[in-house]
Number of protein chains: 4
Amino acid sequence: MTASHHRRTFKMNLYVPYAHIDKMGFVYYANYLVYFEMARADMMRQVGTPYGELEKKGVMLPVIEAHCVYKKPAHYDDHLEVNTVVTDIKGVRIRMEYVIKRGDDTLVTGYTEHVCLSPEGKVLKPVPEIRQLTEG
Amino acid sequence: MTASHHRRTFKMNLYVPYAHIDKMGFVYYANYLVYFEMARADMMRQVGTPYGELEKKGVMLPVIEAHCVYKKPAHYDDHLEVNTVVTDIKGVRIRMEYVIKRGDDTLVTGYTEHVCLSPEGKVLKPVPEIRQLTEG
Amino acid sequence: MTASHHRRTFKMNLYVPYAHIDKMGFVYYANYLVYFEMARADMMRQVGTPYGELEKKGVMLPVIEAHCVYKKPAHYDDHLEVNTVVTDIKGVRIRMEYVIKRGDDTLVTGYTEHVCLSPEGKVLKPVPEIRQLTEG
Amino acid sequence: MTASHHRRTFKMNLYVPYAHIDKMGFVYYANYLVYFEMARADMMRQVGTPYGELEKKGVMLPVIEAHCVYKKPAHYDDHLEVNTVVTDIKGVRIRMEYVIKRGDDTLVTGYTEHVCLSPEGKVLKPVPEIRQLTEG
């Protein structure tokens, strides 16, 4: 049994606003990165460490890499579920993976990679508030 | 007693995403118009006529005027309440008013004015699905 | 002859990106506030005081009120001209007016009102860099 | 000598608007996807086939995959150059690569992959207007 069995999946739901729909009637592709970020924030509230508090302690979590695969389009007012898992911490890099679903349909998958950064821009070792996210 | 006593206030809550914060640490001013739109959509779901269904019936509800007064800034991850009231239907113009609060603090007030439009761009009389919103 | 004859109109051009188009095929209404802001920034570069420099000197220029009238829709890849005039400084309030055109057609008009703010959130008298904008 | 020597690099410039800056003072990560899209549109105008015309002919170009690597942050009012190259057409997949620079500094690199799609959602072979982009 691998460690990945213990990873916790965090769920966040949202309705697609009109603001996010493009001319084809689909969610504009950049907005899924916003949904990923909203899901990260929601995850951190769920574990009792809102990201804003982390920043107040002097730990920022900038994205250093992002990836999206668009399988099926989401439409206006669709009720989406964003599933987030912190899959890996390798050295200073933290990897989060996302699956966006509408009912049983997987619409978008993706990942982001982050580092912990001090306000002065120094890369920090992942803090305990982040490391706990990889535990079940 | 005036008609306004019977107006129903619709409430929607949201957490402010990082995407919406500007350099000053405040919600960027255009995003409140997005919150107004999300609140309109939520209102229409609450009364059982999602806006998407209205569009499928051939009724669009474009904004012809918008106004915002910024009293106090909202910050990252603030939990906001958007209060929406359809205050008036004068001829073809429909007016909606908004109050955005964080707890007891009023942060932003504003309004939008709309018309009902056919897909061919013809202005329609406000449809019953909209007129019901002004009833208590 | 009134003072308004001496007001300078600043022009900025842009192509409408796909990101800004909604399901109806029109520019989503909140994006015009972004165009207003881009036009303000362009105006300040034109007069040799980029807004970023103003912030470095400790002067922020938050919006305290915004208004938009939507006359005709803009579409994807339309080439727009945003005309900006600083029309008034009354006490601490600075008013800027905007006209967005596509060729000879006026699509959107609006205004924003601002105050000068210190980093500590204190309202300042409008600084000379702003006052000069009302001169021809 | 490989085919890649013949690829044309298309350049587009932009000033970073305040709307795109986040709390850290950096361009919010999703906005680079908007810059990629603006650069694609600019490229197509440069070769005389604005994307809007392609859509009118019944060819859409949705993104099926997107990737971004964030090396250094961009700030408010930075003057950025987005370099775009259509690097590959493999079967129905079209790949575009991007390098965003501020002066000599590379800030962000990335790619998008696209297919040509009919209005009915049928995947088409890449049309000549797209294929020409891979030629020098």
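How many residues does the contact take from chain A and from chain D? It takes 15 residues from chain A and 15 residues from chain D, where two residues are in contact if their C-beta atoms, placed from the backbone, lie within 7 Å.

Before going on, some ground rules. This is a predicted model, in which local features need pLDDT of at least 70 and side-chain atom pairs count only at pLDDT 80 or more, while totals for chains, interfaces and linings use all residues. Residues are numbered from 1 along each chain as its sequence is written, and chains are lettered from A and ligands numbered from 1 in the order in which they are written.

Now the side of chain A that touches chain D. The elements that give two or more residues to that side are α1 (31–46) and β2 (63–70) of chain A. Helices (H or I, at least four residues) and strands (E, at least two) are DSSP runs, numbered from the N terminus. β2(A) gives the most, with eight residues. By type, the residues of this side are 13 nonpolar, one polar and one charged. Here Ala, Val, Leu, Ile, Met, Phe, Trp, Tyr, Cys and Pro count as nonpolar, Asp, Glu, Lys and Arg as charged, and the others, Gly among them, as polar.

β2(A) also pairs across the contact. It runs antiparallel to strand β2 (residues 63–70) of chain D, and five bridges join the two; strands pair if DSSP finds at least two bridges between them. His67(A) stands opposite His67(D) in β2(D).

Next, how the copies are related. Two copies of a chain are related by a rotation about an axis and a shift along it. Chain A superposes on chain D by a rotation of 180° with 0.0 Å of shift along the axis, at an RMSD of 0.0 Å. In chain A, the C-alpha nearest the axis belongs to His67(A), 2.2 Å from it. Both copies use the same surface, as 100% of the contact residues of chain A recur in chain D.

Last, the other strands of chain A. β3 (residues 79–90) and β4 (residues 93–102) of chain A pair antiparallel over nine bridges, with Val86(A) opposite Met96(A) in β4(A). Two residues lie between these strands in a hairpin, and Gly91(A) in the turn has a positive phi of about 60°. β4(A) also pairs antiparallel with β5 (residues 105–114) of chain A, over nine bridges. In that hairpin, Gly103(A) takes a positive phi near 60°.

Note on methods:
Copies are superposed by least squares on the C-alpha atoms of residues with pLDDT of at least 70 in both.
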